[in-house]
Amino acid sequence: MFSRVSYILLFLIAASTLAANYPDKPITFIVHSKPGSAIDITTRRLTQIASKYTDATLLVENKTGASGIVAMREVLSKKADGYTVLAVTKSFISTVLMTKSGIHMDDFYFLACLVIDPEVLITNRKAPVRTLEQIIRDAKEKQGKQKWLGPLVGGVDHLMALKTWEQLGIRGEWIPFEGGSDALAALMGRHGTVYVGNPVDVKGRPDLMIAAVSAERRLPDFPRNPTFLEKGFGLKHEVLWRGYALKQGTDPRAVSYLTDLIYKVSRDSSWLQFVRATSAQPVFLAHEAFSEMVQKDQLDALKYLRLAGILADTTRIHGANSTRNGFISLIVFLLLLLTLYLFKREWFSADFIIPLFLIILSFFLYGMTIDFPSGKLSKTAGPAAMPRLWIYGLIIFNVWLLIKNISLKNRPRKEDSVNKLQAVGLAGLMFAYIIVIQYLGYYISTFLFLTGGSYLLDYRKTWLILLNSVGFTVLSYFIFYKILQVPLPTGLWG
Amino acid sequence: MDILHHLLSGFSSLFAWVPLLIILAGVMMGILVGVLPGLSPAMGVALLVPFSYGMSPLNAMILLVALYSAANYGGTITAIAINTPGTPSAIVSTFDGYPLTKQGEPGRALGASVMSSTIGGLTGTLVLVFFSVPLAKAALSFGPPEYFALAIFGLTIISSLSRGNYIKAFIATLIGLLLNTVGMDPFTGYLRFTFGVTELADGFGFIPALIGLFALSEIFLSIERTQTARRIVHKISGKMPSLKEMFRIKRVILQSSALGTLIGVIPGAGATIAAFIAYNEAKRTSKHPEKFGQGALEGVAASGAATSGSVGGALVPLLTLGIPGSAATAVLIGALMLHGLTPGPELFKDKATIVYGIFASLFIAYFFMLFLGILGNQIWIKIISAPKALLHPSILAIAVIGSYAVGNSMFDVWSCLGFGVLGWLLRRYDFPTAPVILGLILGFLAETNFRRALLMGDGTIFFTRPVSLAMIILAIVSLFWPIISEFLKKNHTHLDNKIPK
């Protein structure tokens, strides 16, 4: 039965490659950030408008994590057949440079750039420092203590700030927040002086104003706000861009099909309206122009990341170190266990083993924090400060627990564990289930797991078990796959 | 008066078939999203955004807001019924809700949860309608030192979660705090404790951790500790709490609603911290705090009221300042923009019909939620009356698909199982698991704001700002509250003895 299915599948796969009628299956757009983010909304809008111009099904899938590395890896792991498109933004450059993930911008074929959003400096209208001149004067007075707010260190806005400081001949303190809106709230609450962002950030926020725009001329939506150029500074091309890319080496037919499709969207009136509503500029930069911009931005980012001390020229390799320390810790722990077992049998129980284990683990993790950088940016409290504080706490409390357990005469009786085998069995079955999902796909493995699980728990009403397993699988298909559009793993069938 | 006038016209624009049906659909979807672990309110809203494209701006927004308002309540259902918080903020509902279920009284817990959630939600909405402008201004005064102080205050709650064993509760918290530091350092981009695993760059997923620590550990532990033959649940009663019973705990409900709303206003604090703090205060001000954790109806009510209250609270900075106070409101802001609505003071002037339509829809949504909640409770009770041998594997399967749905990644499923085994081991040896979650939630808030505050000034910054100083003092009082209250009680009885009878 199964072999017949696989033959049919093989035939289908063969047929599809022979036909080469792009597109003959859904095209998935991978987005690196959460639903509702700017790039996510842009992409969803794009696919919605694009469906006017194509019969192909266009899907949007969020693959969040590691500032885009997870999404990039997802696209690179797929075949270069043009069915997986990556939504890219300028922030990917910093991500690729800052994480040693082995991914490079050259791994992608830049299809087209659709949105350009100029970088701007934003200030609080109610604060004493509002205009570019005031920013410069205040920064000089504060001698590098002026607070600049924005998202993540090394990101697009931070690089813009570094560049601005260089051009303006000032220095500031970059205070990073989890996201743009947190930093904006801080600016509104006057916890800092300047926010680096895009024009959309002042929309609907009458307390905020744009102090300077990085563009050749004033923005149509903001005719009263000056450009850097007018004030005598050369920052005119600093933009955040959003576009789409494919895995390098994609079939030229798919490339031209998608380029054509995206071009049509970029000329659609509802698209233009959508982009302008976010105070950004709708553009269409085809492959050559787009790639050139990416190249230039990458060189720029490299320069400023080095300047700020975020990217060191030499990196210390310490992987081997922590493996060795791990081994040593493990051996120390096992030796301690052996000693306990041989000489202090009555202490050979969880009351002693758990705190001992946690103490040795703490020492091992402390060893890892020694390698954490202290960097120019971290000043008083670096990346190691908090983990160390928690590690000290763990050691202190575990030692306390040990001492308490030693002095304890009558240990409280533990609740019975009458069914340990069954519980471990079920956990093991779940382990197997998660492995099997990747091969047999979600539906078959779920059915098998539920049936096996009930059987393991000594339930013998076969019909009820089957009903439950089938019912659950069917229900989860409808709720998760159909309604909520979660792309469930299909395993080898996919 | 102006507000009342606008609000009335808001109601009148909703009394038609289409808007009412949209609200009903939104509430139903919200409860569903809340019930399913792994689907957060934020994801639910995001999933509906594409559906709302074709609708009028008002209809689109009432759909999304209805979903958001009901999702937080939905999470408490599974928390009470199967110890699986469907949304992060529902963790607190497991503390007393699940013990009630185990005692055969899920009807009381579920009923108390839906009623208090409704009251919390309505309170939040009233505050949103009448006090949003001054509250939003106050929320802005929260800078990094204040957030750090809030995190520290939140951490002191462990002293009330510890149930007598302080040392183990502190160890559990520290494990959570340390697990929280895994991943990319937000200030330097350095990867901490990731051992070369890419997926760990963002740290452990919060929802998989939650499902593992609560749902999985409970299943493994309860299978381990009960004889197969005895694994017959005692009679499950679907009886709702009487109105009289609810009236008796009105103080807790109102207090938690207000706390939930206020904490919800602070961007970045969110429903989970609101629920924890409300629970702590409910316990602290209760006449019989020893019943908390054993199935106190007040505990369930405090959590429900605070989570729903925080919804109205979170909409305050969203609509008045355009600052999202939670993950779900971050998606809502995107949806508003899509429909050409830019949140902020101008929205109240130019698009008053839409703003007050949204406000009015919230009132209606909470009544639908109450109705659907009471109706739905009987279904949940049927489900948990199923034989454990069918129920337990099904919950594990839901845990798998739920953690997968968070980020479409198998890594999250593995970490869910990992946290499940960790939780099982911890609970087996009497370490509480709730502090681990508290550490995971507050670690990030504490660390980033501590370091941010130090970038802004020196160490004295925490003590020179009034709000921050007040909260640090509160934290110290809260930490030593058990000792203080003991002392007060002793003094009290001392005095009582002196008074001649």
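Q: Which residues does B:L67 touch, not counting residues up to four places away in sequence?
A: B:L67 touches B:G26, B:M29, B:G30, B:V33, B:G44, B:V45 and B:L48. Touching here is C-beta atoms, placed from the backbone, within 7 Å.

Q: What kind of model is this?
A: A predicted one: local features need pLDDT of at least 70, side-chain atom pairs count only at pLDDT 80 or more, and totals for chains, interfaces and linings use all residues. Residues are numbered from 1 along each chain as its sequence is written, while chains are lettered from A and ligands numbered from 1 in the order in which they are written.

Q: OK. How many residues are in the largest nonpolar core?
A: 309 residues, and those with the most contacts inside it are A:L86, B:V45, B:L64 and B:L67. A nonpolar core is a set of buried Ala, Val, Leu, Ile, Met, Phe, Trp, Tyr and Cys residues joined through C-beta atoms within 7 Å. Buried is 20 or more other C-beta atoms within 10 Å of a residue's own.

Q: Which helix gives the largest share of this core?
A: Helix α4 (residues 57-82) of chain B, with 18 residues. Helices are DSSP runs (H or I, at least four residues) and strands are too (E, at least two), numbered from the N terminus.

Q: Switching to the contact between the chains: how many residues from each?
A: Chain B gives 84 residues and chain A gives 97 residues. On the side of chain B, the largest share comes from α18(B), with 11 residues.

Q: What's that side of chain B like by class?
A: There are 53 nonpolar, 21 polar and 10 charged residues. Ala, Val, Leu, Ile, Met, Phe, Trp, Tyr, Cys and Pro count as nonpolar, Asp, Glu, Lys and Arg as charged, and the others, Gly among them, as polar.

Q: How do α14(A) and α10(B) cross?
A: The axes of α14 (residues 420-456) of chain A and α10(B) come within 7 Å and cross at roughly 150°. That makes α14(A) roughly antiparallel to α10(B) (angles over 145 degrees count as that).

Q: Which residues make the contact there?
A: A:K420, A:Q422, A:A423, A:L426 and A:A427 from α14(A), and B:F220, B:I223 and B:E224 from α10(B). By class they divide into 5 nonpolar, 1 polar and 2 charged.

Q: Last one: what about chain A overall, how many helices and strands?
A: 15 helices and 11 strands. Of its 494 residues, 41% count as buried, and the C-alpha trace of chain A spans about 80 × 65 × 40 Å along its principal axes.

Key:
A residue is buried if 20 or more other C-beta atoms lie within 10 Å of its own, exposed if 12 or fewer, and partly exposed in between; C-beta atoms are placed from the backbone. Two residues are in contact if their C-beta atoms, placed from the backbone, lie within 7 Å. Axes are lines fitted to C-alpha atoms, for helices over the stretch in contact, and angles run from 0 to 180 degrees between N-to-C directions. Angles under 35 degrees count as roughly parallel, over 145 as roughly antiparallel, 65 to 115 as roughly perpendicular and the rest as oblique.
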